Amino acid sequence: HSVSLSATAFNQLLKASGYLKRMTRKNSKQELVEFWSVTDMGLSFGKNLTSPSNPRETQPHWYTERFVELVRRVGGDV
């Protein structure tokens, strides 16, 4: 979609706007591991998929047909 933001910068905008949040879980060594999760507000723009690297984590999946609108809502350029 030719978004002029890095994924990291975009995720920070999504977090600040309430569409994405950081979650934590403990790993086998009892250390906290962070991962991203789509908030209730963000569910109209995407969904949480189970992470292929760990079934106790989610990863955001944004709907292609709503992505440009989401970028504009958080202040990104397309």
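These are my notebook entries on a predicted model, set down in the order in which I looked things up.

**Entry 1: overall layout**

I began with the secondary structure and found two helices and four strands in the protein. Read from the N terminus on, the elements follow the order α-β-β-β-β-α. I then took the extent along the principal axes, where the C-alpha atoms fill a box of roughly 40 × 20 × 20 Å. Of the 78 residues in the protein, 31% are buried. For the contacts with a separation of 6 or more, I noted that 35% are made by residues 24 or more positions apart.

**Entry 2**

I next turned to strands S1 and S2, which run antiparallel and are joined by seven bridges. One of the pairings I looked up is that of Leu20, whose bridge partner in S2 is Val38. What stands out in the backbone of Gln30? Its phi is near 65°, which is a positive value in a residue other than glycine.

**Entry 3: the nonpolar core**

I asked myself which residues make up the largest nonpolar core. It has twelve residues in all, namely Phe10, Leu14, Tyr19, Leu20, Trp36, Val38, Phe45, Trp62, Phe67, Leu70, Val71 and Val74. H1, S2 and helix H2 (64–73) each supply at least two residues of this core, and the largest share, three residues, comes from H2. The bridge partners Leu20 and Val38 from my previous entry are both members of this core.

**Entry 4: the aromatic pairs**

I looked for ring pairs and found two aromatic pairs in the structure. Phe10 and Phe67 form an edge-to-face pair, with 5.5 Å centre to centre and 65° between the planes. Since Phe10 lies in helix H1 and Phe67 in helix H2, this pair ties together parts that are 57 residues apart in sequence. Both Phe10 and Phe67 are buried.

Tyr19 and Phe45 form an aromatic pair that is also edge-to-face, at 5.6 Å centre to centre and with 90° between the planes. Here the link is between distant parts of the chain, with Tyr19 in the loop between H1 and S1 and Phe45 in the loop between S2 and S3, 26 residues apart. I find Tyr19 buried, with a relative accessible area of 6%, and Phe45 buried as well, with a relative accessible area of 2%.

**Entry 5: arginines over rings**

I then asked which ring has the charged end of Arg66 over it. The ring is that of Phe45, and the charged end of Arg66 sits 4.3 Å from its centre. For Arg22, I found that it lies over the face of Trp36, at 4.3 Å from the ring centre.

**Entry 6: Asn11 in helix H1**

Asn11 lies in helix H1 (residues 7–17), and I looked up how accessible it is. Asn11 counts as buried because its relative accessibility is 17%, while the cut-off for buried is under 20%. With its neighbours within four places in sequence left aside, Asn11 is in contact with Leu20 and Trp36, and both of these partners are listed in the core.

**Entry 7: Ser53 and Asn54**

My last stop was the loop between strand S3 (46–50) and strand S4 (58–62), where I find Ser53, and Asn54 has its place in the loop between S3 and S4 too. Ser53 is exposed, with a relative accessible area of 63%, whereas Asn54 counts as buried at 14% relative accessibility.

I looked up the polar contacts of these two residues in turn. The side chains of Ser53 and Ser51 are joined by a polar contact of 2.9 Å, and the side chain of Asn54 reaches the backbone nitrogen of Arg56 at 2.7 Å.

Ser53 and Leu13 are 40 residues apart along the chain, and their C-alpha atoms are separated by 25 Å. Asn54 and Gln30 are 24 residues apart in sequence and 15 Å apart in space, C-alpha to C-alpha.

Terms used: Residues numbered from 1 in each chain as written. Predicted model: local features only at pLDDT ≥ 70, side-chain atom pairs only at ≥ 80, totals over all residues. Heavy atoms only, no water. Buried < 20%, exposed > 50% of the residue type's maximum accessible area, 1.4 Å probe, protein only. Polar contact = N/O pair within 3.5 Å; in protein donor to acceptor, adjacent residues only side chain to side chain. Contact = heavy atoms within 4.5 Å. Core = buried A, V, L, I, M, F, W, Y, C linked by side-chain atoms within 4.5 Å. Phe/Tyr/Trp six-rings, centres within 6.5 Å; stacked < 30°, edge-to-face > 60°. Lys NZ or Arg CZ within 6 Å of the ring centre and 35° of its normal. Pairing = 2+ DSSP bridges.
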